[in-house]
Amino acid sequence: MRIISGKFKSKRIIAPKKLPIRPTTDIAKEGLFNILNNRIHFQDISVLDLFSGSGNITYEFISRGTQNITAVDQHYGCVKFIKETSLELEGSVNTIKSDVFKYLEKVNTKFDLIFADPPYDFSEELFENIVQLVFENDFLEEDGVLIIEHSKHTEHLKNHTYFTEERRYGGSVFSFFSKS
């Protein structure tokens, strides 16, 4: 995987083979960050990266100057890799080893942007649970956005009250949710 833009543009990051990850493709990631470039000021936001895996999305935010990032994953190796790589990139990332759903039940912080990249084979109920927990517990700032990455076969998220749009990049889809 490589960093698409920012201070560390084109830097390649090689994750250990033993990590249980499916990194967001460069094409999908570039599309997502082109959208975000037109909507947010990276230096001014707080980000929560759920199911962070290799940290691929976290590194893009670091490269663009985001200082307030929290990355959550339940796999020890993923959390360790994100912590080490973030330090190499001079980023200050709060890494948390936790089941995402347990984390969302106990956290009391608000974020400007929440990105979730759960396993593509999650059930509809689990995808829905992420959205419900974020909005019922008011984890987003007033103009905040939740973005969930999922496969093109997951169609039910469009029906959610807070759904605003989706963007497709090959087999990957980003569904956007917000209060407004």
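Q: How much accessible surface does the chain have, and what share of it belongs to carbon and sulfur atoms?
A: About 8800 Å², with 46% of that belonging to carbon and sulfur atoms. Areas like this come from the Shrake-Rupley method with a 1.4 Å probe, and for residues only the protein chains shown count as cover.

Q: What kind of model is this, and how are residues numbered?
A: This is a predicted model, where local features need pLDDT of at least 70, side-chain atom pairs count only at pLDDT 80 or more, and totals for chains, interfaces and linings use all residues. Numbering runs from 1 along each chain as its sequence is written, and side-chain values use heavy atoms, leaving out hydrogens and water.

Q: Okay, how many helices and strands are there?
A: Five helices and seven strands. These are DSSP runs numbered from the N terminus: H or I, at least four residues, for helices, and E, at least two, for strands.

Q: And in what pattern along the sequence?
A: α-β-α-β-α-β-α-β-α-β-β-β.

Q: What size of box do the C-alpha atoms fill?
A: Roughly 40 × 35 × 30 Å, taken along the principal axes.

Q: What percentage of the residues is buried?
A: Of the 180 residues, 53% count as buried. Buried means under 20% relative accessible area, exposed over 50%, and partly exposed in between, with a 1.4 Å probe and protein chains only.

Q: Switching to I27, where is that?
A: I27 is in helix α1, residues 26-37.

Q: Buried or exposed?
A: I27 counts as exposed, because its relative accessibility is 65%.

Q: How far is I27 from E141?
A: Their C-alpha atoms are separated by 28 Å, and the two residues are 114 apart along the chain.
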